[in-house]
Amino acid sequence: MTPDIKPIVAGNWKMNGSCGSESMVRELVAGFDQQLQGKLDMAIFPPAILMALVASWTKGSAIAVGTQDCHANESGAHTGDTAAEMIASADGTMVLTGHSERRVDHNESDADVAAKSEAAWRAGLVSVICIGELEAQRRSGETLDVLGKQLAGSVPGGATSANTIVAYEPVWAIGTGLVPEASDVEEAHAFIRKTLVERFGDEGAKMRILYGGSVKPGNAGELMAINNVDGALVGGASLKSADFLGICEAYRTMA
Ligand code: PEP
């Protein structure tokens, strides 16, 4: 945690969910009670085709909704893509950019991620910019170099604590059940904080830095208590309301 920063727990559904996910979303709305709302923010990122529907189910609640990607352009000949303006017009307020699965599956570069993040701001959305090292990079001691390069290339100059969240997701921890040592998470988050402060001053000090990679109800308390861990980006455990709310519960008793 970082003093004076309200954490956020965000659920990345990846390519899961359907028009039949209403009861699960309604359970989240019901479970995200006043006390929890006072402790943390919550966001969910369903597939683009479901986002407007999910936004209709969460309407009137404190849960924010967004998509897992956007195109850099506002409109045009980009078959299959979604503009940030479309997300905003469907009541989305956030977008994930640079998730490792997009960097790998769609060859997204840091420059692509930066362009998408700026597009999100253009439409008034918050960019959740994802970075993280591969297993081989961790093994060869390159983690902080990789994170430094990704931060420099993926986070555009106009980032503020209001329009940007950084998510640190070691690629080898995503969907594997593997979680770094607490000291490694602390080191990575301290490095990210230092880099953001050097570049953005006070805004960098206030920016939320999420940890992502096999967060579950059983490990959330320990991970969320680490310095500069201002919430979680959750994949697999965001697909069941009990698990996702179980992660949020880690905050109920935190000061
Ligand atoms: C993710 O998809 O961003 C993620 C962290 O997945 P998981 O929680 O399943 O590791």
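Biologist: What covers the buried residues of H3?

Modeller: In this predicted model, the cover over the buried residues of H3 includes helix H1 (22–31), strand E2 (41–45), strand E3 (63–67) and helix H4 (84–89).

Biologist: Which residues of helix H3 are buried?

Modeller: Helix H3 spans residues 48–58, and its buried residues are Leu50, Met51, Val54, Ala55, Trp57 and Thr58. Viewed down the axis of H3, these buried residues fall within an arc of 155°, so they line one face of the helix.

Biologist: What happens just after H3?

Modeller: Gly60 takes a positive phi there, of about 85°.

Biologist: Let us turn to H11. Which of its residues are buried?

Modeller: In H11, the buried residues are Asn219, Ala220, Leu223 and Met224. Seen down the axis of H11, they fall within an arc of 125°, so one face of the helix is lined by them. Gly218 and Glu222, on the other side of H11, are exposed.

Biologist: And what covers the buried residues of H11?

Modeller: Their cover includes H9, E7, strand E8 (231–234) and helix H12 (241–248).

Biologist: Now the nonpolar core. How many residues has the largest one?

Modeller: The largest nonpolar core has 62 residues, and Ile44 and Ile192 have the most contacts inside it. Helix H9 (residues 182–200) supplies the largest share of this core, namely six residues. Another core, of 13 residues, lies apart from it and has Val126, Val128, Leu210 and Leu233 among its members.

Biologist: Which residues is Ile192 in contact with?

Modeller: Leaving aside neighbours within four places in sequence, Ile192 is in contact with Ile131, Leu147, Leu151, Val166, Tyr168 and Ile209.

Biologist: On to the ligand. Which residues come nearest?

Modeller: There are 14 residues around the ligand, and of these Lys14, Glu169, Gly175, Ser214 and Gly235 come nearest. A polar side-chain atom of Lys14 lies 2.7 Å from an oxygen atom of the ligand. For His99, an N or O atom in the side chain is 2.9 Å from an oxygen atom of the ligand. Gly235 instead places a backbone N or O atom 2.8 Å from an oxygen atom of the ligand.

Biologist: How much of the ligand's accessible area does the protein cover?

Modeller: On its own, the ligand has 290 Å² of accessible area, and the protein covers 98% of that.

Biologist: Where does Ser214 lie?

Modeller: Ser214 is in the loop between strand E7 (208–212) and helix H11 (217–224). Its relative accessible area is 8%, which is under 20%, so Ser214 counts as buried. Among the residues that Ser214 touches, not counting those up to four places away in sequence, are Ala173, Gly175, Thr176 and Asn219.

Biologist: What about Ser154, is that residue buried or exposed?

Modeller: Ser154 counts as buried, at 0% relative accessibility. Ser154 lies in helix H8 (residues 143–154), and a polar contact of 2.7 Å joins its side chain to that of Asp110.

Biologist: And Ser89, buried or exposed?

Modeller: Ser89 has 62% relative accessibility, which is over 50%, so this residue counts as exposed. Ser89 has its place in helix H4.

Conventions
Residues numbered from 1 in each chain as written. Predicted model: local features only at pLDDT ≥ 70, side-chain atom pairs only at ≥ 80, totals over all residues. Heavy atoms only, no water. Core = buried A, V, L, I, M, F, W, Y, C linked by side-chain atoms within 4.5 Å. Buried < 20%, exposed > 50% of the residue type's maximum accessible area, 1.4 Å probe, protein only. Helix = DSSP H or I, 4+ residues; strand = E, 2+ residues; numbered from the N terminus. Contact = heavy atoms within 4.5 Å. Arc of directions from axis to C-beta. Near = heavy atom within 4 Å. Polar contact = N/O pair within 3.5 Å; in protein donor to acceptor, adjacent residues only side chain to side chain. Areas by Shrake-Rupley, 256 points an atom, 1.4 Å probe, with all protein chains shown as cover.
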